[in-house]
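Visitor: I am new to this structure and should like a close look at a single part of it. Would you please take me through the aromatic pairs and then through what lies around them?

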Amino acid sequence: MPAKKSKRAAKQKEAHPPDIFPMVVTSATQEMFGCRIDEDVTSQNPYKLLKKEDIVQDMMMRAAVSDFSPIKQIILNYPEDELLLVLDWKFTYGCSFYLVLTPEARDRILKPPEPEAGEGGAEEDEEADADEFVVRSPVPQPWVCQGSDKEIANESVQDTRNKLKFRVFRNRREFGAPVSFSDRKVSDTIECPSYKDPTFSLQRMERDCAVEAISQTRESSTQVDWKSPKNMWVQYEPQEMDEEEKEKILQSVELKEFINLVVPRFQLALQQNEIMDVFFDDWKALGDESGFGRKVDTQLKQYQSFTDLTYTKDKAIRTITWHPKINGVVAVAMAERAPFKPSPSLIIVWSFADSLNPQLLLRSPGDVFAFEFCPTDSNIIIGGCMNGQVVLWDISAHVESLQGTRPGHGKSNVPHTDAFDFEAKRKSEIPVVRYCAASAIDSGHRAPVTDVQWLPETFEVTKMGIPVKSSNDLCVQVVTCAPDSCVMFWDIRGSGEKLHENPFDAPNAFSHLGLSWKPLLKVNLPKPDNHGEFNPLKLSLEENTLDTQKERAVLKPPPVYGKFGVPTGKNLPAMDGLNTKFYVGTKVGSPFWIAKPTKCCMVHDGMVNTARRSPFFKDTILSVGGSIFAIWKEGIMDGPIMQSSRSQERYTTGCWSLSRPAVFFLGRDDGNIEVWDLLEKSHEPSHIQSITPDQITCIRPWIASPKQHFLSASDELGTLHVLEIPRILRILGATELQSMKVKFFDKMVDKLAYFEKRKGSRAMEKQQMEAEQLKRDKEPSNQEKSMMQIEVDMLKDFEAYKTVEKDILKTMGLLIEETPE
């Protein structure tokens, strides 16, 4: 429809320059990059420089969900480190923001050339634009391809064979021939019912379909009631004073008196500005910390989920481990829910870049119940199997594919029209890594390995169990436990044997171990206090607490472990101040502190499934088992400093928060997760949220960035759920560390000491009372008095009563004694 518009309005509707890209920035992206409208960017300051590294990381993490994905290649080819994002508050190009795509355009926008003064001036140009009107119809803009034509071509269905042609004809002599109808019986009718052909069955597995965003455009016109437009404006003119009036005011007595009057208040305001931040928003800070004035979001938000119908069917996830170096990569160990069912034992590696396809498969000789990445060499993975073996993997050949956005996969130009062919090709593209070393079956555990932990690179253990200083500053020793009443120490270095090639496709980094790998040290757990045999399930070492916090050097080139050799420890200095004690959670629900058996506490009403140290306090341990959890403090031998009441549901796992020392998470067998905040309340969870219909098997936290904290939770159905932790549960308060140490843990220790002291004094009082009662019971009973003696005693008491009565009556004046004559 024709419209009458000014030149300025017509300019606003023109196509955007080729060196900018109009885009819609969602609220989540604004929060992530600090470009919130009316807060970080305004109409007066609409510019925001974004780091190219942050934009690339966002596209890798969120893939197609990222707002920058339509111009991914342009951003990757940008020559400099920062891109300019501009707030288009007038919607000049139809969107709220536009991204500058070249450094020249950025300089042109940030430093515009000064306008040349014409004969009429700027005001005359504006008046001319306002008075001049043109009639212009909207012109459709040409299509600008942003790279989607290749995806459309790949998704389109192409003919692979010639079309079939059919010809239907009828003899000409039959045209116009008479037709005669006759009656037939119902029984003579022939029925042709539909049926399912058993020899042909095609099930549709996947279907791609495309939908146009808008319908086809067309031009049309109509007659309307046209009214002439009218321009309205208001002219403001500042009030100015000449130099004489300014000088007169400055020299006036009233101005001097006013200045003398406000100088003390002005000085006080300057002093207060130096003491405190006057621009600090107390109301906003109060709302963030305590939720005053608004509802605090405590919900764990579903961020992503990983499952596969081939590799996770009829299997449960037993443990989860995040990759320590590559963001967004997580590995899970699968185990059969039905025992003795033949199927391959795998560890599946997932990536945020592709939630549909696993990135890597680690094959194992048995179902893996526990595994960990090496802290100093993240390419090495150690795991414990159900058959008692300890297994090593080397994934160094697949690190580059894991770091990419689509690891190991390349898109084919030929479209897949057969769902079964596509599924078979997808399976063949997933790389499978075989284990490169496994322990000897007769030298390993006699029960499933339930926990593995790397010893830190600062020390190692000799064959005699003596801790000595590490010889090469690498994590080369592992401690494992199993419910066969023993803890074993393993060393991944060579023992002098000749290296040989691995007969399989596995890497040769640990071919010196082979099937002859034996434990360096085997510790049989004793039976403290004659409580019977203890079967360890989980263990907790002190030094492992800070492994995730340390910045370790990158190993270039990777070490050759087979050439190191296991040292004897004779030439290595012993570490006397090292704490060699560690906590062990057993099958009967009793954690105890072991080096030599010192204490055993029957606290839990079931098997201990978690024994983890706090990432903020290395001497604080969380143990979970049965329907009870407990918090222990190393060195306190009287028992746990905090013990929960018995829950109606059983706890299956637990972990500390990596960002707040007062928060930890517990998984239950009904599929719920409990969030505990000890500074808020310690008698019940702060929040309970349902995650899955089946029981939760493992939870593990991970910090992706200061603004993104995740909690991974797995279930018995083989699904891995990645939950985003809300802001209230990840922002560390200024005094929270001190409050947890002084106001909570120290008070709990004092409370436990007071209870133990009162328990001892009560026991002593009870013993004294029992001794006195026993003494009274042993004394002989008094002989019964005779009747005559009883009458004499009663007579004496009566005479004494009469004497007292007589004295009282005399004192009151009621009795007058008669004087003898």
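Guide: A search of the whole predicted structure finds 20 aromatic pairs. Rings of Phe, Tyr and Trp (its six-membered ring) are paired if their centres lie within 6.5 Å; planes under 30 degrees apart count as stacked, over 60 as edge-to-face, and the rest as tilted. One of these pairs joins tyrosine 303 and phenylalanine 352, with 5.6 Å centre to centre and 40° between the planes, and is tilted. Tyrosine 303 belongs to strand 7 (residues 301-306), while phenylalanine 352 is in the loop between strand 10 (345-351) and strand 11 (360-364), so this pair ties together parts that are 49 residues apart in sequence. Strands (E, at least two residues) and helices (H or I, at least four) are DSSP runs, numbered from the N terminus.

The two partners can also be described by their accessibility. A residue is buried under 20% relative accessible area, exposed over 50% and partly exposed in between, using a 1.4 Å probe and protein chains only. Tyrosine 303 counts as partly exposed because its relative accessibility is 23%, whereas phenylalanine 352, with a relative accessible area of 3%, is buried.

A second pair, tryptophan 322 with tryptophan 702, is stacked, at 4.5 Å centre to centre and 10° between the planes. This pair links distant parts of the chain, since tryptophan 322 lies in strand 8 (residues 315-322) and tryptophan 702 in strand 35 (residues 696-705), 380 residues apart. Tryptophan 322 is buried at 8% relative accessible area, and tryptophan 702 is buried at 9%. Ring pairs link Tyr303, Phe306, Trp322, Trp350, Phe352, Trp702 and Phe710 into a cluster.

The buried residues of helix 3 (residues 52-62) are Lys52, Ile55, Asp58, Met59, Met61 and Arg62. Their cover includes helix 2 (27-33), strand 3 (47-51), helix 4 (72-76), strand 4 (82-87), strand 7 and strand 35. Just after helix 3, alanine 63 has a positive phi of about 55°.

The largest core has 23 residues, of which Leu392, Trp454, Ile492, Phe510 and Trp517 touch the most other members. Two or more residues each come from strand 13 (380-385), strand 14 (390-394), strand 17 (451-454) and strand 21 (486-491). Strand 21 gives the largest share, three residues. Among the residues that tryptophan 517 touches, leaving aside those up to four places away in sequence, are Ile382, Val390, Leu392 and Trp490; contact here means heavy atoms within 4.5 Å. Apart from this core lies another, of 21 residues, including Val349, Leu362, Val399 and Tyr435. Over the ring of tyrosine 435 sits the charged end of arginine 434, 4.3 Å from the ring centre; the rule requires NZ of Lys or CZ of Arg within 6 Å of the centre and within 35 degrees of the ring normal.

The confidence of the model remains to be described. The mean pLDDT, the predictor's confidence in each residue from 0 to 100, is 79 for the protein, and 78% of its residues reach 70 or more. Over residues 288-293 the pLDDT is below 50. Where pLDDT is low, the predicted coordinates should not be read in detail.

In this predicted model, local features need pLDDT of at least 70 and side-chain atom pairs count only at pLDDT 80 or more, while totals for chains, interfaces and linings use all residues. Residues are numbered from 1 along each chain as its sequence is written, and side-chain values use heavy atoms, with hydrogens and water left out.

Notes:
A nonpolar core is a set of buried Ala, Val, Leu, Ile, Met, Phe, Trp, Tyr and Cys residues joined through side-chain atoms within 4.5 Å.
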